[in-house]
Structures are given as structure tokens and as C-alpha cells.
Amino acid sequence: PTPAGVIRFTVLLLTLLSTWFILQTYFQHSWKAISLRSWLGEHQQKLLRHKCGNQKSCPQDYFAFKIISGAANVVGPSMCFEDLILMSNVKNNIGRGLNIALVNGTNGELLKTDAFDMYSGDITKLQTFLQEIKHGTLVLVASYDDPATKMNDKVRAHFTELGSSVVGKLGFRDNWVFLGAKGLMSKSPFEKHIKNDKETNKYDGWPELLEMEGCAPRKMD
Ligand SMILES: *[C@@H]1O[C@H](CO)[C@@H](O)[C@H](O)[C@H]1NC(C)=O
């Protein structure tokens, strides 16, 4: 080969090498940019937390809620409404039996909370409480330990009127979570019930806890 040929070959080789180098660096950078962007995107999604820690956000004119029943007679229930904890162990406003929170169905304001011992408590106290609920009120219920021993027909009728389908079947140490409304003309879609059954119980004398989250329409009727 002539010296000119060697030089031409070297120049060609160098050009090819540098082109490859530049392209390679360019793509590496853009790949990094892309993966950085998707990484940031994923993180942003994780940071975007829905009310009450729910899976989905709620449309306008719906209230986000999450109701968790007690676990055996050990861990108390909890209720979240529009990202506000209404009842919980920490709030120190729960008790064995039925835990009930009343919320204004128009503006979502908490009206009151109370816990009713259904094993040895005064059932007329619950009767009066249910009787006084005003039209348009949302009613959130979570069981803890035993929701049913003292249950009577009057109380069952009140819960049925609030939209419950299962209150008639509620038994000793069953778990029950429910969201209904006074003046509801149909059955509430927000209800879960699990029987206390030795064969299927998660704990010794109790079934597993129930968890229910969703979006309750403003003015449920
Ligand atoms: C709910 O709030 C509205 C005002 O936003 C009020 O007019 C209504 O009386 C309240 N209802 C109850 C049951 O507290």
C-alpha cells in the first residue's frame, strides 16, 4: 500500500470511530434522560396519595371513605372520611361492639361518634341514637369483637332502613362494616359481613377483619 492509501484508510477509520463514539454517547444520554423521566414519573405517582390512602380518588360530589373493622378483641376498628380519621384507637373514641359515626351527607361534616357495647351494654341507648338520626345523614358502622348479642328487632329495623342488607343475619362475634344513609330508598352498596365460623376463622374465636373503601355520593338517596 502507498503512504497516501494508509493515510486515507486511517482518516476513514478515525471518522468511523468518532461517529460511532458520538452517536453512542448521544443515545446513552437520551436513554438516561428517558429512564430518569419515567423514574420521576413513577415516583410522582407514588407520592400522589389518595384520600384515606384509598386505591382510587373520588369524583367530585363524592366522599372518600375507608372503614376497617376490629381484629378479634385486640385491635380496634378505624374510620376515615375525606382523609379525616373519625374513629380509631389513637383518637380513643372506639369501643367493643358497634362503632358509629354520623356525617352530614350534604357538606360532609362530622356530626357525632359513639360506641355501643353489644355484649353487655344498654341497647336502648343505641335505639335512641338511631332514632334521632336526621334525614340526609350518612351513617358509618364498624364492628369490634361482638356486634350482635344484644341486637333486637328495633335496632335491626333501624339499620335496615339505613340500607343494610345483612343486619338481620348478624351474629355473635361476626365482623361487619357498613355505610348507609337516613332516607336511603334502596340497599346500600357499601356493606361487608363475615361470619364467626370455627372452620374458617382467621383468629381463634373471630373471623378476619374487614376493610371497605369507596366513594359515597353526596346526598345519598
Ligand atoms: C347539613 O348541612 C346543611 C348545610 O350545609 C344543613 O342545611 C343541614 O341541615 C345539615 N343536615 C344535618 C342533618 O345536619
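**Entry: the model.** I noted that this is a predicted model, in which local features need pLDDT of at least 70 and side-chain atom pairs count only at pLDDT 80 or more, while totals for chains, interfaces and linings use all residues. Residues are numbered from 1 along each chain as its sequence is written, and side-chain values use heavy atoms, with hydrogens and water left out.

**Entry: disulfides.** I counted 2 disulfides in the structure. A disulfide is taken here as a pair of cysteine sulfur atoms within 2.5 Å. In general, such a link is a covalent bond between the sulfur atoms of two cysteines.

I then took up the pair C52 and C80, with sulfur atoms 2.1 Å apart. The torsion about their S-S bond is about -85°, so I wrote this disulfide down as left-handed. C52 sits in the loop between α1 (3-47) and β1 (62-68) and C80 in strand β2 (residues 78-81), so the pair ties together parts 28 residues apart in sequence. Helices (H or I, at least four residues) and strands (E, at least two) are DSSP runs numbered from the N terminus.

Next I looked at C58 and C215, which form a disulfide with sulfur atoms 2.1 Å apart. C58 is in the loop between α1 and β1 and C215 is in strand β9 (residues 211-217), so this pair ties together parts 157 residues apart in sequence. The link of C58 and C215 is left-handed, with -85° about the S-S bond. I put C58 down as partly exposed because its relative accessibility is 22%. C215 also counts as partly exposed, at 22% relative accessibility.

Which pattern do the disulfides of the protein chain follow? With bonded cysteines counted along the chain, I read the pattern as 1-3, 2-4.

**Entry: domains.** I found domain 1 (1-48) and domain 2 (51-217) in the domain assignment of the protein chain. The bounds come from an automatic or database domain assignment. The C-alpha centres of domain 1 and domain 2 are 61 Å apart.

**Entry: I22.** Where is the place of I22? I located I22 in helix α1. I22 has a relative accessible area of 56%, so I listed I22 as exposed.

Key: Buried means under 20% relative accessible area, exposed over 50%, partly exposed in between (1.4 Å probe, protein chains only).
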